[in-house]
Amino acid sequence: ANQANEELVQAARTEDNHVLAQGRTAVAATVGRVEDKIKALRHEMEDDIQRAQEELQLEQQEAKLALVEFEEDVLQRIQNSRNERWSIYEHDVQQLQNGLTTAKEEIQGKIL
């Protein structure tokens, strides 16, 4: 009877060890899958960060270009405004000169 009990205990231990080994294998496989998933997610995050940095650099370049274009537009408007004012001044000066010439001719006509 003792031998039978010993065999039953040994069989139970063997079964327990087998179940434990299967459990360890399953846990190791699960841990491996989790680690692989973590690596994949980390890689995705790094790719997302890289893409975001590239997009930010592109947006910064576009903003700088827009600023340069804005500055050029403002400078052109200032130049156009100066040209318009200068043209008006030139016209006014010409009218004054014409008026002076006419007045001079009238005065000379009256003197002679």
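This is a predicted model: local features need pLDDT of at least 70, side-chain atom pairs count only at pLDDT 80 or more; totals for chains, interfaces and linings use all residues.

Student: Is Ala103 buried, exposed or partly exposed?

Tutor: The general idea is to compare the relative accessible area with two cut-offs: under 20% is buried, over 50% is exposed, and what lies in between is partly exposed. Ala103 has a relative accessible area of 32%, so this residue is partly exposed.

Student: How far apart are the C-alpha atoms of Ala103 and Val68?

Tutor: They are separated by 52 Å, and the two residues stand 35 apart along the chain.

Student: How many helices and strands does the protein have?

Tutor: There is 1 helix, and there are 0 strands. The radius of gyration is 48 Å, whereas the globule rule gives 13 Å for 112 residues; the value is well over that figure, so the protein is more spread out than a compact globule.

Student: What box do the C-alpha atoms fill?

Tutor: Taken along the principal axes, the box is roughly 160 × 10 × 5 Å. The helix, H1, covers residues 2-111.

Student: What share of the residues counts as buried?

Tutor: Of the 112 residues, 0% count as buried. The accessible surface of the protein comes to about 10500 Å², and carbon and sulfur atoms account for 57% of that surface.

Student: Which residues form a nonpolar patch on the surface?

Tutor: A residue can join a patch if its relative accessible area is over 30%, and nonpolar side chains are joined within 5 Å. In this model the patch consists of Leu67, Phe70, Val74, Leu75 and Ile78, which together have about 460 Å² of accessible area. One of these residues, Leu67, lies in helix H1. Leu67 counts as partly exposed because its relative accessibility is 47%.

Student: Let us turn to charge. How many positive and negative side chains does the protein have?

Tutor: There are 13 positive and 23 negative side chains, and the centres of the two sets lie 4 Å apart.

Student: Where do negative charges gather in a patch on the surface?

Tutor: The patch of negative charge is made of Glu54, Glu55, Glu59 and Glu62. Consider Glu54 as an example: it belongs to helix H1. With a relative accessible area of 44%, Glu54 is partly exposed.

Student: How many residues apart are Arg51 and Asp48, and how many residues apart are Asp73 and Arg77?

Tutor: Arg51 and Asp48 are 3 residues apart in helix H1, about one turn of the helix. Asp73 and Arg77 also lie in helix H1, 4 residues apart, which is likewise about one turn.

Student: Why does Arg77 count as exposed, and why does Asp73 count as partly exposed?

Tutor: Arg77 counts as exposed because its relative accessibility is 56%. Asp73 stands at 36%, so this residue counts as partly exposed.

Key:
Residues are numbered from 1 along each chain as its sequence is written. Side-chain values use heavy atoms; hydrogens and water are left out. Patches are made of residues with over 30% relative accessible area and no salt bridge: like charges are joined within 9 Å, nonpolar side chains (Val, Leu, Ile, Met, Phe, Trp, Tyr) within 5 Å. Accessible areas come from the Shrake-Rupley method with a 1.4 Å probe; for residues, only the protein chains shown count as cover. A salt bridge is a side-chain nitrogen of Lys or Arg within 4 Å of a carboxyl oxygen of Asp or Glu. Lys and Arg count as positive and Asp and Glu as negative; His and the chain ends are not counted. The place of a charge is taken as NZ of Lys, CZ of Arg, CG of Asp or CD of Glu. Helices (H or I, at least four residues) and strands (E, at least two) are DSSP runs, numbered from the N terminus. Buried means under 20% relative accessible area, exposed over 50%, partly exposed in between (1.4 Å probe, protein chains only). The radius of gyration is taken over C-alpha atoms; the globule rule is 2.2 Å times the number of residues to the power 0.38.
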